[in-house]
Amino acid sequence: MGAAPVTRFEHELAAVRQMFTERRLGFADVVLLSIPDPQQPATQRNGDHTRRRGHFDLHARLSEPLAEWYAVLDRLDPGRVVDGFPSELDIAMLAPPRPNRHDTELLDGLGDELPTL
């Protein structure tokens, strides 16, 4: 995206991997994912003058890479990502809790599947 040098991403990914190894950080068992169309956040921003949104443009640009990240995660570990916010959520229908939330192989696979930086 060009928002920061690639070396920053690589450095932060290495730090995240270390925290996974130390079991200090891991994947959520399930992610409810809702990425609005680009016009919706802009409408909200323009209608609410009580908040500053200094990083609005960056966050708007992140929507596509975020959707791609979670699509790859769900492809590698099916059932982890639920698209949208259902009005009712039957917890029994979700995949069971993951036995290894700190799976460095899944993290590495995710990095391998994403487009080259």
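Predicted model: local features only at pLDDT ≥ 70, side-chain atom pairs only at ≥ 80, totals over all residues.
Axes here are lines fitted to C-alpha atoms, for helices over the stretch in contact, with angles running from 0 to 180 degrees between N-to-C directions.

Residues are numbered from 1 along each chain as its sequence is written, and side-chain values use heavy atoms, leaving out hydrogens and water.

Now to α4 (63-76) and α5 (104-113); helices (H or I, at least four residues) and strands (E, at least two) are DSSP runs, numbered from the N terminus. The axes of these two helices, α4 and α5, cross at roughly 125° and come within 10 Å. That makes α4 and α5 oblique to each other. Who meets whom? On the α4 side we have Trp69, Val72, Leu73, Arg75 and Leu76, and on the α5 side Leu106, Gly109, Leu110 and Glu113, where contact means heavy atoms within 4.5 Å.

Staying with α5, its buried residues include Leu106, Leu107 and Leu110; buried means under 20% relative accessible area, exposed over 50%, and partly exposed in between, with a 1.4 Å probe and protein chains only. Among the elements covering them are α1 and α4. At the start of α5, the backbone nitrogen of Glu105 has a side-chain oxygen of Asp103 within 2.9 Å.

Is Arg98 buried or exposed? At 11% relative accessibility, Arg98 counts as buried. Its side chain makes a polar contact of 3.4 Å with that of Asp77. By polar contact I mean a pair of N or O atoms within 3.5 Å; within protein, one must be able to donate a hydrogen and the other to accept it, and residues adjacent in sequence count only if both atoms are side-chain atoms.

Last, the aromatics: there is one aromatic pair. The rings of Phe20 and Phe27 have centres 5.0 Å apart and planes at 75°, so they sit edge-to-face. The rule is that rings of Phe, Tyr and Trp (its six-membered ring) pair if their centres lie within 6.5 Å, with planes under 30 degrees apart stacked, over 60 edge-to-face and the rest tilted. Phe20 is buried at 4% relative accessibility, and Phe27 is buried at 9%.

Terms used: Parallel < 35°, antiparallel > 145°, perpendicular 65-115°, else oblique.
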